[in-house]
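Please consult the sequence and the model while reading the points below.

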Amino acid sequence: RFQSCNENRKIHFGSSDPEDFRVGEDGVVYAERSFQLSAEPTEFVVSAQDKETQEEWQMKVKLTPEPAFIEASEKIRSDRDKSLSLRYSVTGPGADQPPTGIFIINPISGQLSVTKPLDREQIASFHLRAHAVDVNGNQVENPIDIVINVIDMNDNRPEFLHQVWNGTVPEGSKPGTYVMTVTAIDADDPNAQNGMLRYRILSQAPSSPSPNMFTINNETGDIITVAAGLDREKVQQYTLIIQATDMEGNPTYGLSNTATAVITVTDVNDNPPEFTAMTFYGEVPENRVDVIVANLTVTDKDQPHTPAWNARYQMTGGDPTGQFTILTDPNSNDGLVTVVKPIDFETNRMFVLTVAAENQVPLAKGIQHPPQSTATVSITVIDVNESPYFVPNPKLVRQEEGLLAGSMLTTFTARDPDRYMQQTSLRYSKLSDPANWLKIDPVNGQITTTAVLDRESIYVQNNMYNATFLASDNGIPPMSGTGTLQIYLLDINDNAPQVNPKEATTCETLQPNAINITAVDPDIDPNAGPFAFELPDSPPSIKRNWTIVRISGDHAQLSLRIRFLEAGIYDVPIVITDSGNPHASSTSVLKVKVCQCDINGDCTDVDRIVGAGLGTGAIIAILLCIIILLILVLMFVVWMKRRDKERQAKQLLIDPEDDVRDNILKYDEEGGGEEDQVRNDEYFLCMGSYLVLHFVSVDKW
């Protein structure tokens with residue numbers, strides 16, 4: 001112990017023999033290693049030095065070995081040792097049983113002695129049995145039990161279960177708040193003073209706001225707060241040195257040991273977020289969304305990244321249409337003002353928002369701060385060049401088909417939303433016109449036709465024709481917008497009905513000979529069905545041989561009027577009239593093949609019918625074959641004539657001195673003169689024609 005006149009001295013203890021002995025900050029001397037002390041006292045010097053003035057004091061320490069045991073003895077004596085010579089012995093653990101040799105007895109005098117140091121913490125008592133026999137080994141007395149209790153000595157220091165104890169306490173806790181419990185044990189007898197421990201706090205660091213912020217129950221080791229003012233934002237952690245002393249805490253005779261208690265002050269929401277500025281500024285181009293326009297910064301003294309620190313922002317004014325939202329950056333805790341709906345510069349040039357910030361959890365009770373902080377955000381909208389837009393879009397126009405080229409259809413114009421930019425008028429152009437029916441005036445947007453509008457065109461779907469036009473400005477950068485013109489074409493009766501199918505087959509007798517036909521009209525109601533079917537008056541054979549009956553609005557039945565019609569191919573004209581106003585009619589030719597039929601109504605003389613008449617495709621094919629064969633024959637004739645002339649020239653050159661009149665031209669046996677050659681050519685031509693006709697007849701072209 002060091003007694004200082006100045007209580008504020010900061011003392012450092014030292015030892016002259018630091019390898020063997022260490023002096024703690026509390027003045028307790030510890031052995032640095034295990035070693036045997038000699039019988040002579042061991043001396044060393046303990047020094048105390050002022051850390052500021054370097055003033056030093058010294059004290060000599062003399063260390064003497066503490067006796068490990070006190071030699072004790074007990075004499076055992078029998079009443080019969082006066083008349084007999086007896087021998088004494090002991091048995092049991094500690095004598096002749098493990099641990100052996102601790103107790104011995106003088107066989108003559110009966111003196112019972114201990115030979116080794118006793119440790120109560122290992123064996124608290126021994127149970128022995130004493131025997132008395134004569135010199136012949138005969139038992140003279142019954143064995144007696146000896147119970148030896150080892151008396152406890154204070155030879156064990158208290159030991160903490162942990163050298164460092166960790167605990168927590170919320171900031172702002174009231175005095176008397178439980179913090180933690182530290183526990184030490186002593187191997188000595190817990191029922192004696194040697195094992196009765198008492199706790200106390202030796203030091204507290206830091207010592208603010210009070211050096212005695214905590215106290216400890218000296219018997220249980222419970223640590224509680226004794227002073228108010230715990231503030232995590234000022235002191236986040238306290239370190240206490242706890243001492244446990246046996247002998248019920250007697251500072252003179254008790255043995256002590258120390259441990260460290262680390263108390264962490266946990267955060268509570270005792271500080272609301274506060275904006276770093278009263279007004280924040282930002283700007284955003286019009287029509288932009290998902291753009292961060294301003295960063296709202298706040299400060300919060302609570303522990304970062306906890307519900308007591310995390311800020312939550314909300315809009316309290318200045319945004320009635322919900323153009324903005326505020327998200328929280330999880331890392332910086334900033335408020336990110338973001339545009340979520342497009343803003344029109346021509347409608348709103350500036351927004352002044354009122355925002356509030358608060359924590360995710362409410363403030364702790366008793367905190368004298370407003371729960372939230374407020375600020376304003378001034379946002380300027382930047383004007384940009386916007387695309388023109390057609391009104392309406394799409395534009396629907398109802399128009400009868402058949403409108404001639406050069407007719408004015410409609411006017412399709414667009415508007416420029418940029419009222420505050422210096423721009424010239426819009427220019428119009430055509431973007432899509434599948435049938436190329438339209439053109440647009442580039443200045444006034446007037447649309448005129450360049451072709452006749454036809455509802456039956458392949459580019460018209462469900463009576464609707466779509467064309468797309470473009471309106472462009474001269475802003476920076478130039479912008480354009482598209483508009484769709486939808487022309488709903490009203491039907492007029494501009495198409496006459498036609499018969500379907502174009503060809504049919506029937507039998508040459510009355511039964512069965514009905515042919516079902518259908519009228520087809522590209523127009524729609526009321527310019528289509530029901531249709532009227534009739535046969536023309538000319539030629540007279542039509543009505544004499546055939547008859548037609550309408551069976552429904554679109555269908556009719558053609559059949560033979562006479563009992564028998566010779567097999568062949570007949571062209572039957574049919575007059576079909578629609579229901580339009582005025583009516584439209586046409587004469588359609590139905591090619592009917594009349595044939596002999598079996599009992600099932602199937603034709604059996606197709607070859608004869610083909611010979612009687614051929615279709616247009618077959619005739620064309622025949623003509624092509626004839627032309628090709630004629631060309632081949634002509635090429636062959638030319639070749640033959642050329643070869644004949646060459647042969648005649650060779651004969652004349654055989655004897656040039658002879659008279660020409662004496663020359664006799666000799667023909668090969670295979671061919672005669674020119675007349676024979678002509679006959680051969682005619683033969684090949686006739687044979688070629690015959691083969692072509694025969695080929696056509698066999699293959700039924």
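Predicted model: local features only at pLDDT ≥ 70, side-chain atom pairs only at ≥ 80, totals over all residues.

How many bridges join strand 19 to strand 20, and do these strands run parallel or antiparallel? The two strands, residues 237–245 and residues 256–266, run antiparallel and are joined by nine bridges.

- In general, strands of a sheet pair through backbone hydrogen bonds, in either a parallel or an antiparallel manner.

**Strand 45 and its partners**

- Strand 45 spans residues 568–577 and is mostly covered, with seven of its ten residues buried.
- Strand 46 (residues 585–595) runs antiparallel to strand 45, and ten bridges join the two.
- In this pairing, proline 573 stands opposite valine 589 of strand 46.
- Strand 42 (residues 532–534) also runs antiparallel to strand 45, to which three bridges join it.
- Here glutamate 534 lies opposite valine 575 of strand 45.

**Lysine 395**

- Lysine 395 is located in strand 31, which covers residues 395–400.
- Although buried, lysine 395 has no salt bridge; aspartate 441, the nearest side chain of opposite charge, is 14 Å away.
- A salt bridge would require a distance within 4 Å between the charged side-chain atoms.
- The lysine 395 side chain does make a polar contact with the side chain of threonine 410, at 3.0 Å.
- The side chain of lysine 395 also reaches the backbone oxygen of threonine 411, at 2.4 Å.
- Beyond its close sequence neighbours (up to four places away), lysine 395 touches residues including Phe412, Thr484, Leu485 and Gln486.

**Aspartate 334**

- Aspartate 334 occupies the loop between strand 26 (324–328) and strand 27 (335–339).
- Aspartate 334 is likewise buried without a salt bridge, and the nearest side chain of opposite charge, arginine 312, is 16 Å away.
- With residues up to four places away in sequence left aside, the contacts of aspartate 334 are Asn295, Leu296, Thr297, Tyr313, Leu327, Thr328 and Asp329.

Methods:
Residues numbered from 1 in each chain as written. Heavy atoms only, no water. Helix = DSSP H or I, 4+ residues; strand = E, 2+ residues; numbered from the N terminus. Buried < 20%, exposed > 50% of the residue type's maximum accessible area, 1.4 Å probe, protein only. Lys, Arg positive; Asp, Glu negative; His and termini not counted. Polar contact = N/O pair within 3.5 Å; in protein donor to acceptor, adjacent residues only side chain to side chain. Contact = heavy atoms within 4.5 Å. Pairing = 2+ DSSP bridges.
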